[in-house]
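Visitor: I have not looked at this one before. Could you take me through it in plain terms?

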Amino acid sequence: MDLLAKGGVFMLPILMVSIGALALIIERVYTLWLRYRLDEEGFVKGLMHALDEQDFAGALEECARAENNPLSRVLRAGLLKVHRSDKEIERAMEEEMLRTAPTIRKRIGYLATLGNVATLLGLLGTIFGLIQAFEGVSMADPATKQEILARGISIAMLTTAFGLIVAIPCLLSHAFLQNKSIQMIEGLEEKAFTLFNKISALHRDIEKKEVRLRMKSIEGGRRA
């Protein structure tokens with residue numbers, strides 16, 4: 001608190017930026033690592049097994065158990081269209097992906113902005129501190145010039161340091177969270193493509209079986 005007081009008026013805005021950035025980081029870390037936590041490989045294997053058995057209700061139940069996870073929502077959108085055409089299934093998953101991806105990237109971009117704001121506030125505090133120092137020196141008597149100059153330079157250095165102390169973690173956190181969000185979205189796309197291929201293969205198998213049954217029926221009718 002003593003340093004905040006010595007740093008002048010720009011220390012308070014930088015402090016507010018740091019509190020906002022910390023709250024944002026905690027919220028994003030909780031969401032991406034805890035709220036959206038899921039054994040994706042095991043989850044997808046369970047869905048594939050249910051589809052192998054043509055247990056579509058069981059596959060939907062698997063998704064319902066992880067309804068808060070973006071992957072579950074995207075795959076569920078495809079499963080709900082399982083009896084429709086491949087194009088409709090693909091479109092349903094793409095639409096859900098467009099709704100889900102922003103929730104993963106949500107507010108991460110603000111961290112870069114807050115980091116830049118903290119840096120600029122620190123620079124602004126530095127400029128004001130130097131202006132204060134030189135104006136004070138020009139008007140002060142020789143006995144107090146050194147004290148006024150030291151106070152102004154102290155304000156300038158403290159605001160610069162505090163701005164950088166806030167900005168550096170903001171920018172590092174932004175890069176870290178951005179990388180995590182990209183990985184999650186790429187994982188969603190990969191798993192959605194895997195499910196789409198599986199359902200498409202099932203459709204082809206069903207069509208082949210229907211063709212065989214028709215052929216058998218036609219052949220049986222001719223023999224009769």
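Guide: One definition to begin with: a residue is buried under 20% relative accessible area, exposed over 50% and partly exposed in between, with a 1.4 Å probe and protein chains only. Glu 40, for one, is partly exposed at a relative accessible area of 27%. This is a predicted model, where local features need pLDDT of at least 70, side-chain atom pairs count only at pLDDT 80 or more, and totals for chains, interfaces and linings use all residues. Residues are numbered from 1 along each chain as its sequence is written, and side-chain values use heavy atoms, with hydrogens and water left out.

Visitor: How many helices and strands does the chain have?

Guide: There are 8 helices and 0 strands. Both are DSSP runs numbered from the N terminus: helices are H or I with at least four residues, strands are E with at least two.

Visitor: And what share of the residues is buried?

Guide: Of the 224 residues, 36% count as buried.

Visitor: Where is confidence lowest, and where highest?

Guide: The score is pLDDT, the predictor's confidence in each residue, from 0 to 100. Helix α1 (residues 2-6) has the lowest mean, 65, and helix α2 (residues 11-35) the highest, 94. For the chain the mean is 84, and 85% of residues reach 70 or more.

Visitor: Back to Glu 40. What does Glu 40 form a salt bridge with?

Guide: With Lys 191; their closest N and O atoms are 3.8 Å apart. Glu 40 lies in helix α3 (residues 40-52) and Lys 191 in helix α8 (residues 142-223), so this pair ties together parts 151 residues apart in sequence. A salt bridge here is a side-chain nitrogen of Lys or Arg within 4 Å of a carboxyl oxygen of Asp or Glu.

Visitor: Is Lys 191 buried or exposed?

Guide: Lys 191 is buried, with a relative accessible area of 8%. Lys 191 also meets Glu 41 in a salt bridge, at 3.7 Å from N to O. Glu 41 is in helix α3 and Lys 191 in helix α8, so that pair ties together parts 150 residues apart in sequence.

Visitor: How many salt bridges does the count come to?

Guide: The count comes to 8. One of them joins Glu 27 and Arg 28, with 2.8 Å between the closest N and O atoms. Arg 28 is buried at 2% relative accessibility, while Glu 27 is partly exposed at 24%. Glu 27, Arg 28 and Arg 107 are linked in a network of salt bridges.
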